[in-house]
Amino acid sequence: MDPILVVKELHKSYGDLHVLKGVSFDVKKGETVVIMGPSGSGKSTLLRCIVRLVEPDSGDIWIDGVKVTDPKTNLIEIRKHVGFVFQQFNLFPHMKVIDNITLALTKVHGLPEEEAKRKALEVLRRVGLEEKAYAYPGELSGGQQQRVAIARALAIEPKLILFDEPTSALDPELIGEVLITMEQIAKEGKTMVVVTHEVDFAKEVADRVLFIDHGQILEESDPETFFTNPEHPRLRSFLRRLLERV
């Protein structure tokens with residue numbers, strides 16, 4: 001099976017800071033790939049480069065066979081098929097939940113209003129929030145807002161969903177509801193790349209786990225090997241610190 005995402009020799013610098021140093025990996029259709037690493041290691045920059053929210057300096061990216069890094073590629077078309085769930089939810093506070101979801105469906109995907117509403121209600125039902133459709137984001141908990149953001153990503157029926165530390169802005173008691181939602185999506189066969197420090201999620205849901213540090217992928221393996229038999233000394237050190245906090 002051809003990978004749905006291919007990243008090859010990706011480099012990105014901000015001035016003298018070399019954030020990504022030749023990152024390469026791929027993701028097959030239906031896979032959940034978790035990316036772990038310390039703060040400042042380039043994880044968020046990597047996700048943003050995939051859909052060119054951040055412009056890479058060099059390297060190539062393909063999504064479903066389309067070369068994203070080709071200057072002639074229509075980025076609007078690419079982004080129509082990639083869901084992105086951010087740390088901070090990025091919901092419009094002045095718009096009701098249902099309108100946050102239908103906005104892209106009507107304006108970008110060209111769906112009629114009624115069809116967009118039907119789809120929005122369907123994805124809200126999938127994340128357990130259908131009854132909040134006509135609430136405003138400010139009336140929801142952080143966990144509920146993030147589940148709305150996930151519903152918004154699902155509504156476009158994406159080929160790929162990118163999650164950038166989706167639980168990092170949440171109070172500890174709200175993290176579980178978001179992770180359960182993400183686990184359900186993975187079981188549905190969605191292709192997901194997840195930047196997270198949530199060890200249990202990575203162990204139970206990931207097909208592969210990548211470790212990135214100082215802009216380089218230092219290790220890649222299945223979850224059991226990653227957590228029980230890490231090879232790289234930097235990964236062993238990272239996991240010791242991470243598991244002490246769990």
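**Reading the terms on this model**

User: Where does E139 lie?

Analyst: E139 lies in the loop between helix 4 and helix 5. Here helices are DSSP runs of H or I with at least four residues, and strands are runs of E with at least two, each numbered from the N terminus. This is a predicted model, in which local features need pLDDT of at least 70 and side-chain atom pairs count only at pLDDT 80 or more, while totals for chains, interfaces and linings use all residues. Residues are numbered from 1 along each chain as its sequence is written, and side-chain values use heavy atoms, with hydrogens and water left out.

User: Why does E139 count as exposed?

Analyst: Relative accessible area under 20% is buried, over 50% is exposed, and the range in between is partly exposed, using a 1.4 Å probe and protein chains only. E139 has 54% relative accessibility, so it counts as exposed. E139 and V97 are 42 residues apart in sequence, and their C-alpha atoms are 10.0 Å apart in space.

User: Why is N100 called buried?

Analyst: The relative accessible area of N100 is 2%, so N100 is buried. N100 is part of helix 3.

User: Which residues does N100 touch, not counting those up to four places away in sequence?

Analyst: They are L91, F92, M95, P137 and R152. Touching is contact, which means heavy atoms within 4.5 Å.

User: What makes the length of helix 4 agree with its number of residues?

Analyst: The expected span is 1.5 Å times one less than the number of residues. Helix 4 (residues 113–126) has 14 residues and should therefore span 20 Å; its end C-alpha atoms are 20 Å apart, which agrees.

User: Which residues of helix 4 are buried, and why are they placed on the same side?

Analyst: A116, K119, A120, V123 and L124 are buried in helix 4. Those residues cover an arc of only 135° around the axis, so they are on the same side of helix 4. The arc is taken from the directions that run from the helix axis to the C-beta atoms. The buried residues of helix 4 pack against helix 3 (97–107) and helix 5 (142–155). After helix 4 comes G128, with a positive phi near 75°.

User: What makes strand 1 and strand 2 a pair?

Analyst: Two strands pair if DSSP finds at least two bridges between them. Strand 1 and strand 2 have nine bridges and pair in the antiparallel sense. They form a hairpin with two residues between them, and G15 in the turn has a positive phi of about 60°. V6 stands opposite D26 in strand 2 and opposite W62 in strand 4.

User: What is the order of the strands in the open sheet of four, and which are its edge strands?

Analyst: The order is 2-1-4-5, with antiparallel pairing. Strand 2 (17–28) and strand 5 (66–67) are the edge strands, as each pairs on one side only. Strand 1 (residues 3–14) and strand 4 (residues 58–63) are joined by five bridges. Helix 1 (residues 43–50) packs on this sheet, touching strand 1, strand 2 and strand 4, and its direction makes about 120° with that of strand 1. Such angles run from 0 to 180 degrees between N-to-C directions, with axes fitted to C-alpha atoms, for helices over the stretch in contact.

User: Why are strand 6 and strand 10 placed at the edges of the six-stranded sheet?

Analyst: The six strands form an open sheet in the order 6-7-8-3-9-10, with mixed pairing. Strand 6 (82–85) and strand 10 (216–221) each have a single partner strand, so one side of each has no neighbour in the sheet. From one strand to the next, the twist averages 15°. Strand 3 (residues 32–36) and strand 8 (residues 192–195) run parallel and are joined by four bridges. Helix 6 (residues 172–187) lies across strand 3, strand 7 and strand 8, at about 155° to strand 8.

User: What makes a set of residues a nonpolar core, and how many residues has the largest one?

Analyst: A nonpolar core is a set of buried Ala, Val, Leu, Ile, Met, Phe, Trp, Tyr and Cys residues joined through side-chain atoms within 4.5 Å. The largest has 52 residues, and M36, I101, I150 and M182 have the most contacts inside it. A second, separate core has 31 residues, including L10, V19, F25 and I212.

User: Is E165 buried or exposed?

Analyst: E165 has a relative accessible area of 15%, so it is buried. E165 is in the loop between strand 7 and helix 6, and its phi is positive, about 45°, although it is not a glycine.
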